[in-house]
Amino acid sequence: MIRFLDLLNENFKSERSVQFYADVLCITSGYLSKVLKEVSGKTANQLIDEAVILEAKLLLNNPILSISEIAENLQFSDQSFFGKFFKKHTGLSPTAFRKAH
């Protein structure tokens with residue numbers, strides 16, 4: 001779990017696949033998710049998504065950065081995909097989140 005979290009902290013902006021983390025840790029993606037679920041109650045995908053959302057929220061609190069710059073910083077293919085991902089996980093669009101905070 002600790003090795004996964006270290007890897008996640010270093011790579012979440014560029015790597016969002018469970019397989020990447022499993023490969024680096026030399027275990028199967030199924031085993032990784034099983035262990036993480038037992039220890040944290042969350043799957044590898046949930047932990048990856050949470051790391052991305054947390055960073056997105058931090059970046060959105062910086063009014064100098066545009067939403068498209070944040071999407072690029074987090075290596076989303078485009079601003080629209082970032083917006084859909086963010087809204088799916090928070091219930092707010094990036095713009096609405098920024099206005100609320």
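This is a predicted model: local features need pLDDT of at least 70, side-chain atom pairs count only at pLDDT 80 or more; totals for chains, interfaces and linings use all residues.
Figure 1. Helix α1 itself runs over residues 2-11, and its buried residues are Phe 4, Leu 7, Leu 8 and Asn 11. Because these residues cover an arc of only 100° around the axis, they lie on the same side of α1. The spacing can be understood from the geometry of helices in general: an α-helix has 3.6 residues a turn, so residues three or four places apart point the same way.

**Figure 2. The exposed face of helix α1.** This view concerns the face of α1 that is turned away from the buried side, where the exposed residues Ile 2, Asn 9 and Glu 10 are found. By contrast, Phe 4, Leu 7, Leu 8 and Asn 11 are the buried residues of this helix.

**Figure 3. The largest nonpolar core of the chain.** This core has 28 residues, and those with the most contacts inside it are Phe 4, Leu 8, Tyr 21, Leu 32, Leu 74 and Phe 82. At least two residues of the core are supplied by each of α1, α2, α3, α4, α5 (67-73) and α6 (79-90), while the largest share, 9 residues, comes from α4. In soluble globular proteins, nonpolar side chains tend to be buried together.

**Figure 4. Glu 55 and the residues that it touches.** Glu 55 has its place in helix α4, and, because its relative accessibility is 18% and buried means under 20%, Glu 55 counts as buried. When residues up to four places away in sequence are not counted, Glu 55 touches Phe 12, Lys 13 and Leu 74.

**Figure 5. The surroundings of Leu 74.** Leaving aside neighbours within four places in sequence, Leu 74 is in contact with Phe 12, Lys 13, Arg 16, Val 52, Glu 55, Ala 56, Leu 59 and Phe 82. Both Leu 74 and Phe 82 are among the residues with the most contacts inside the largest nonpolar core.

Figure 6. Of its 101 residues, 33% count as buried, and among contacts between residues at least 6 apart in sequence, 53% join residues at least 24 apart. The chain exposes about 6200 Å², of which carbon and sulfur atoms supply 54%.

Terms used: Residues are numbered from 1 along each chain as its sequence is written. Side-chain values use heavy atoms; hydrogens and water are left out. Buried means under 20% relative accessible area, exposed over 50%, partly exposed in between (1.4 Å probe, protein chains only). Helices (H or I, at least four residues) and strands (E, at least two) are DSSP runs, numbered from the N terminus. The arc is that of the directions from the helix axis to the C-beta atoms. Contact means heavy atoms within 4.5 Å. Accessible areas come from the Shrake-Rupley method with a 1.4 Å probe; for residues, only the protein chains shown count as cover. A nonpolar core is a set of buried Ala, Val, Leu, Ile, Met, Phe, Trp, Tyr and Cys residues joined through side-chain atoms within 4.5 Å.
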